[in-house]
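Hi,

Here is the model I promised to pass on. My notes are below it; have a look when you get a minute.

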Amino acid sequence: MFGVIVFLAAESMIFLGLFMAYLTFRAVYPTWPPEGTPERELLLPGINTLILIGSSFVIHQADTAIKQNDVGGLRKWFGITAAMGAIFLVGQIYEYHNLEFGLTTNLYASTFYVLTGFHGLHVFLGLCLILAVLWRARRKDHYSSEHHFGVEAAELYWHFVDVVWIILFILLYLL
């Protein structure tokens, strides 16, 4: 687990650098977002935020289930979490296709796409981890109350992805 924590600390530093770049651009630009940047819609990103935050509670149920030797519960809750993660990604892709600005429109647009795209990549990787745990959970006695590192690692990574999104949502959509 120490390795997972070190990895997440390194990933946090990357996101911190991106957040600081965004905040620096925001501080030095006379108007932010720059004039002519279309308004961002809040409904879809808000729904996506609720889905991702809710998925943290759902994945925690899977961790609780496996600690009680409930492999069926683990599979159920990880399956629901995977579906919620996939819905989040589909929502983000839909938002990208309907935005009225592109990657090269202006500095705001570029930072928006880099931040949300990099986060989306992390959601995709988290979804792959969750699916890997589900795949391994098919084998009898692979996970139990004593042996569940993969479950805990995937859960911790998923919580990390959630926290990063909450910060991104506040920075990009609310401020």
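Predicted model: local features only at pLDDT ≥ 70, side-chain atom pairs only at ≥ 80, totals over all residues.

V123 sits in helix α4 (helices are DSSP runs of H or I with at least four residues, numbered from the N terminus). With a relative accessibility of 0%, V123 counts as buried (buried means under 20% relative accessible area, with a 1.4 Å probe and protein chains only). Setting aside neighbours within four places in sequence, V123 is in contact with G85, F88, L89, W158 and V161 (contact means heavy atoms within 4.5 Å).

Residues are numbered from 1 along each chain as its sequence is written, and side-chain values use heavy atoms, leaving out hydrogens and water.

On to α3. Its buried residues include G85, F88 and L89, and the buried residues of α3 pack against α2, α4 and α5.

Then the core. The largest nonpolar core has 43 residues, and L74, F78 and F112 have the most contacts inside it (such a core is a set of buried Ala, Val, Leu, Ile, Met, Phe, Trp, Tyr and Cys residues joined through side-chain atoms within 4.5 Å). Helix α5 gives the largest share of this core, 14 residues. Beyond four places in sequence, F112 touches E95, Y96, L99, F101, G117, L172 and Y173.

Cheers

Note on methods
Buried < 20%, exposed > 50% of the residue type's maximum accessible area, 1.4 Å probe, protein only. Helix = DSSP H or I, 4+ residues; strand = E, 2+ residues; numbered from the N terminus.
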